[in-house]
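Work through the exercises below with the sequence and the model open. Each task is followed by a solution in steps.

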Amino acid sequence: MKFSELKESILAQFMVPQGNRIVPFIEGKPGGGKSACAREIVAELKKQFHIPDEQIIEFNPSLRDPVDVLGIPFKHESGTHNVWLPPEEFYNLRQGVGPCALIIEELTDAPMSMQNPMCRIILDRWAGSVKLSDQLFIIATGNRVEDKSGATRMSTKLGNRLRCLPFDEDLNDWVDWAKKNNICDVLIKFLQFQPKLLSDFDPTRKTNPTPRAWEAVSLIPTFQGKNKEKLFQALVAGDVGKGAAAAYCAFRKMYMSLPDFSELLANPKTYPIPQELSVRWATVMKLVDLIAENQCSQETADAALTYISRVPADMQAMAVRELYRGEGKKRLVASPAFKHLATKISKAL
């Protein structure tokens, strides 16, 4: 299931009466976006149910001990027996606090000593001696055993308490997320051009191109000066591996060096279409950016769309989809050139 399907279905489940008794377990490859999906769902719950920040807890059982669930024993004031002092995380989720949320991170990395207390939290809603809120929402995430990332076998009794949902990376979902989270625009266009590199996980490699790794690439600063391209590529390789880094840096260099488009816009019906696929794609995407700019005139938008109508139909469709995602939608619909382009696309598809 892709990001948008998981988010929609889990939220729908949580909204029905007693829907919070179901605990979804989002399982997928490392770095795919499982945690981001869980956090977006909780963010929606926070708005819907006005959950305060202190009642939204992320708990990683693989980094904790059973005492972090059961609490610490100390002598009762009567001196006749011990009582348990609960940890702050679960005390904040106790019965009576109202709506609250718990994200259990990397559940499959947890040893059996931590899987057992998780069973009682998930099904019975008890953390040691603390009764948890009847309005508690729980989401769990974890990696697959076959990816050799440290995940262990989940006990059958724990698995039986969960709704196990596979997470599959999806380019369109990722692009929507990336644009909301200030991911480098050139990087987004590269992955649209090379979608297989969004998630190419191989457990035999130390570094892999994954959505999480590409997010890190987006944070690499741009270096100025001679021979800085090698430094940039080395940093990218540190996140996604040498092969993906070489492909991205080659695309980036080509994209950043595209000429001024004044001649193209002046002669959109005759200006040559690049033969090299990557250059053609970069040209179209730069035109999409131009149309979406606030200062772009309708005349300029019409010229850009006229040029786009001359590239292959699949690339036309991608360009139109990108415009519908951005600020260029109103200008797009108002353009006579778009009507011609839309007719061509519908016939081709």
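**Exercise 1: surroundings of a threonine**

Thr 283 is in contact (heavy atoms within 4.5 Å) with Leu 258, Phe 261, Leu 264, Pro 274 and Tyr 307, leaving out residues up to four places away in sequence. This is a predicted model, in which local features need pLDDT of at least 70, side-chain atom pairs count only at pLDDT 80 or more, and totals for chains, interfaces and linings use all residues. Residues are numbered from 1 along each chain as its sequence is written, and side-chain values use heavy atoms, with hydrogens and water left out.

Task: state which helix holds Thr 283, and whether Thr 283 is buried or exposed.

Step 1. Helices (H or I, at least four residues) and strands (E, at least two) are DSSP runs, numbered from the N terminus. Thr 283 belongs to helix α13, residues 277–292.

Step 2. Buried means under 20% relative accessible area, exposed over 50%, and partly exposed in between (1.4 Å probe, protein chains only). Thr 283 has a relative accessible area of 6%, so it is buried.

**Exercise 2: the sheet**

Task: give the strand order of the open sheet, then describe what surrounds β8.

Step 1. Two strands pair if DSSP finds at least two bridges between them. The open sheet has 5 strands, ordered β2-β5-β8-β1-β9, with parallel pairing. β2 (56–59) and β9 (163–166) are at the edges and have a single partner strand each, so one side of each lacks a neighbour in the sheet. From one strand to the next, the twist averages 20°.

Step 2. β5 (residues 100–104) and β8 (residues 136–143) run parallel and are joined by 5 bridges. Within this pair, Ile 103 has Ile 139 as its bridge partner in β8, and Leu 102 has Ile 138. β1 also runs parallel to β8, through 4 bridges; here Phe 25 is partnered by Ala 140.

Step 3. In β8, 8 of the 8 residues are buried, so the strand is largely enclosed by the rest of the structure. Leu 136, Ile 138, Ala 140 and Gly 142 are buried on one side, and Phe 137, Ile 139, Thr 141 and Asn 143 on the other.

**Exercise 3: cysteines**

Task: how many disulfides are there?

Step 1. A disulfide is a pair of cysteine sulfur atoms within 2.5 Å. By this rule the count is 0.

Step 2. Check Cys 164: the closest cysteine sulfur, in Cys 119, is 12 Å from its own, too far for a bond. Cys 164 is partly exposed, at 43% relative accessibility.

Step 3. Check Cys 249: this residue is in no disulfide, and the nearest cysteine sulfur, that of Cys 184, is 11 Å away. Cys 249 is buried, with a relative accessible area of 11%.

**Exercise 4: the largest pocket**

Task: which residues lie nearest the centre of the largest pocket, and which element gives the largest share of its lining?

Step 1. The lining of the largest pocket has 34 residues, and Gly 31, Gly 32, Gly 33, Lys 34 and Arg 212 lie nearest the centre. A pocket is an open set of points on a 1 Å grid over the protein atoms alone, where a 1.4 Å probe fits, with protein on both sides within 12 Å along at least five of seven lines; a cavity is a set from which the probe cannot get out, and lining residues have an atom within 4 Å of a point.

Step 2. α2 gives the largest share of the lining, 5 residues.

Methods: Axes fitted to C-alpha atoms, helices over the stretch in contact; angles between N-to-C directions.
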